[in-house]
Amino acid sequence: MKLVQAHLDILQEDINTKGWCCLPNLLSKEDLALYTTAEELARTVYYNENMLERRVSYISDESESRRSNAIMVSERKNKELPSIHYDEVLGRVIEPFNLILSLFTNEEISPSSRTMINFQTYYSGSKPVRDHFDGEYLDYEMKDAYTLLLKKAILPQFVAVLVLHNENTEDPNGIVLRSLDGETHAPRLDAGDFILFDNIMFRHSVPILNKPRKIIGFRNFDHNPFQFFGTELFKELNLHPIAADGWHPLKDNYNPGYIKSISSEEATKIMAKFNKEEWPSKWKKVKENNEAVF
Ligand SMILES: [Fe+2]
């Protein structure tokens with residue numbers, strides 16, 4: 001995906017005025033080959049028990065109708081957090097997203113800052129995805145098969161999705177954004193189209209889609225993200241008064257809570273602490289329950 005100055009100007013104008021932006025037709029044949037190789041790597045070389053245990057790779061969601069793979073990629077080695085680095089293919093994949101992120105945060109992206117890239121392939125349509133915000137979910141409870149109660153997370157401000165393939169022709173044919181006052185935006189998202197949106201301002205969902213579709217998503221949880229506590233936990237931790245500490249309420253129909261803007265260093269500390277103290281027991285449970293499919 002090659003971004004020229006005109007794209008960056010449109011992105012800047014739209015994000016500043018609306019909080020979201022679509023750029024059509026950004027995919028060349030070379031790009032498609034690059035993303036196909038990257039997806040192959042995420043599914044094979046970087047998908048094994050060791051990579052999952054280290055949290056370089058995330059548990060794949062695989063069924064007859066869908067396959068999803070997510071990996072953490074950085075340009076250079078991150079001393080404290082796990083990632084794939086020095087890889088020519090994946091480095092090229094994250095480059096445009098880093099360029100966009102530095103533009104909107106007015107800060108260079110550290111070469112060790114990690115981007116989560118995820119590939120989602122729907123072979124024959126997809127179930128609906130309900131309204132949610134994206135994040136690195138650090139603590140949650142499954143209330144039932146469909147209801148997740150989020151307790152702790154790191155939220156990226158910006159989420160980007162590039163559509164690699166889409167045979168769905170009805171409207172909407174991809175992501176639907178909903179602002180907190182209920183206004184929805186359902187841009188048409190065909191192959192090659194790119195969408196960037198503010199994950200704090202908007203909730204996003206995907207309707208039932210009947211035909212094959214493939215996307216790649218980009219998120220960075222390391223670069224000046226937000227820390228999130230669910231309402232219950234926030235009260236338990238006695239974090240009031242909120243304004244004094246920089247906490248703000250985050251409205252959400254399912255997982256309301258509080259967020260606070262944190263520095264990249266603080267985010268690194270939180271993640272490193274989680275990986276050291278909490279992940280090993282969670283990983284043990286994942287293995288016991290055979291949640292990871294290879
Ligand atoms: Fe999402």
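Residues are numbered from 1 along each chain as its sequence is written. Because the model is predicted, local features need pLDDT of at least 70 and side-chain atom pairs count only at pLDDT 80 or more, while totals for chains, interfaces and linings use all residues.

**The seven-stranded sheet**

Select the strands in the order β1-β11-β8-β13-β4-β3-β2: they form an open sheet of seven strands with antiparallel pairing. Strands (E, at least two residues) and helices (H or I, at least four) are DSSP runs, numbered from the N terminus. Two strands pair if DSSP finds at least two bridges between them. The edges are β1 (20–23) and β2 (57–62), each of which pairs on one side only. On average, neighbouring strands here are turned by 15 degrees against each other, direction ignored.

Next, select β3 (residues 66–74) and β4 (residues 114–122), an antiparallel pair joined by nine bridges. R66 lies in β3, and its bridge partner in β4 is Y122. R66 counts as partly exposed because it has 17 C-beta neighbours inside 10 Å; the cut-offs are 20 or more other C-beta atoms within 10 Å for buried, 12 or fewer for exposed, and partly exposed in between, with C-beta atoms placed from the backbone. Leaving out residues up to four places away in sequence, R66 touches D61, T121, Y122 and S126. Contact means that C-beta atoms, placed from the backbone, lie within 7 Å.

Show helix α2 (residues 29–43), which lies across β3, β4, β8 (158–166) and β13 (213–219) and runs at about 95 degrees to β3. Axes are lines fitted to C-alpha atoms, for helices over the stretch in contact, and angles run from 0 to 180 degrees between N-to-C directions.

The axes of α2 and α4 come within 9 Å and cross at roughly 120 degrees. That makes α2 oblique to α4, since angles under 35 degrees count as roughly parallel, over 145 as roughly antiparallel, 65 to 115 as roughly perpendicular and the rest as oblique. To see the contact, select L34, Y35, T37, A38 and L41 of α2 with V89, L90, R92 and V93 of α4.

**The five-stranded sheet**

Move to the open sheet β6-β7-β14-β16-β15, five strands with antiparallel pairing. β6 (136–142) and β15 (248–250) stand at the edges with a single partner strand each, so one side of each has no neighbour in the sheet. Neighbouring strands are turned by 25 degrees on average, direction ignored. Within this sheet, β7 (residues 148–155) and β14 (residues 226–230) pair in the antiparallel sense over four bridges; K152 stands opposite F229 in β14.

**Backbone exceptions**

Most residues other than glycine have a negative phi, and most peptide bonds are trans. Select D171 and P172: a cis peptide bond joins them, with omega about -5 degrees. P172 sits in the loop between β8 and β9 (176–179).

N106, in the loop between α4 and β4, has a positive phi of about 55 degrees. N106 is exposed, with 7 other C-beta atoms within 10 Å. Finish at N224, in the loop between β13 and β14, where phi is positive at about 45 degrees. N224 is buried, with 21 other C-beta atoms within 10 Å.

Definitions and conventions. Contact = placed C-beta atoms within 7 Å.
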